[in-house]
Amino acid sequence: MSSVEDIEKAVEKLPDDQLARFRAWFAAFDATRFDRRLADDASAGLFDRLADEALDEHRRGESRVWSSPSLRGA
């Protein structure tokens with residue numbers, strides 16, 4: 001059995017209170033790992049071309065204000 005399968009089986013056996021605690025821990029762990037990867041990619045210049053393109057569009061007057069539908073009326 002793989003470690004992932006072992007973890008899945010262990011998680012399935014957790015009582016509700018421990019599952020909630022695990023869920024909160026995993027969400028924080030996953031967010032931290034994602035943020036670190038994003039920061040590493042940014043430091044490596046992986047977004048530079050996209051940023052340059054966006055700034056060029058803005059300078060040409062081609063940018064526009066975007067509003068999330070979920071924020072409208074807030």
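Q: Is Glu-53 buried or exposed, or partly exposed?
A: Glu-53 counts as partly exposed, at 37% relative accessibility. Buried means under 20% relative accessible area, exposed over 50%, and partly exposed in between, with a 1.4 Å probe and protein chains only. This is a predicted model, in which local features need pLDDT of at least 70, side-chain atom pairs count only at pLDDT 80 or more, and totals for chains, interfaces and linings use all residues. Residues are numbered from 1 along each chain as its sequence is written, and side-chain values use heavy atoms, with hydrogens and water left out.

Q: Which side chain does Glu-53 meet in a salt bridge?
A: That of Arg-49, at 2.7 Å from N to O. A salt bridge here is a side-chain nitrogen of Lys or Arg within 4 Å of a carboxyl oxygen of Asp or Glu. Arg-49 is exposed, with a relative accessible area of 56%.

Q: Where do Arg-49 and Glu-53 lie?
A: Both are in helix H3 (residues 48-59), 4 residues apart, about one turn of the helix. Helices are DSSP runs (H or I, at least four residues), numbered from the N terminus.

Q: How many salt bridges are there by this rule?
A: The count is 3. One of them joins Asp-56 and Arg-59, with the closest N and O atoms 3.2 Å apart. Those two residues are 3 residues apart in helix H3.

Q: And what does Arg-60 pair with?
A: Its side chain meets that of Glu-62 in a salt bridge, at 3.0 Å from N to O. Arg-60 is exposed at 52%, whereas Glu-62 is partly exposed at 47%.
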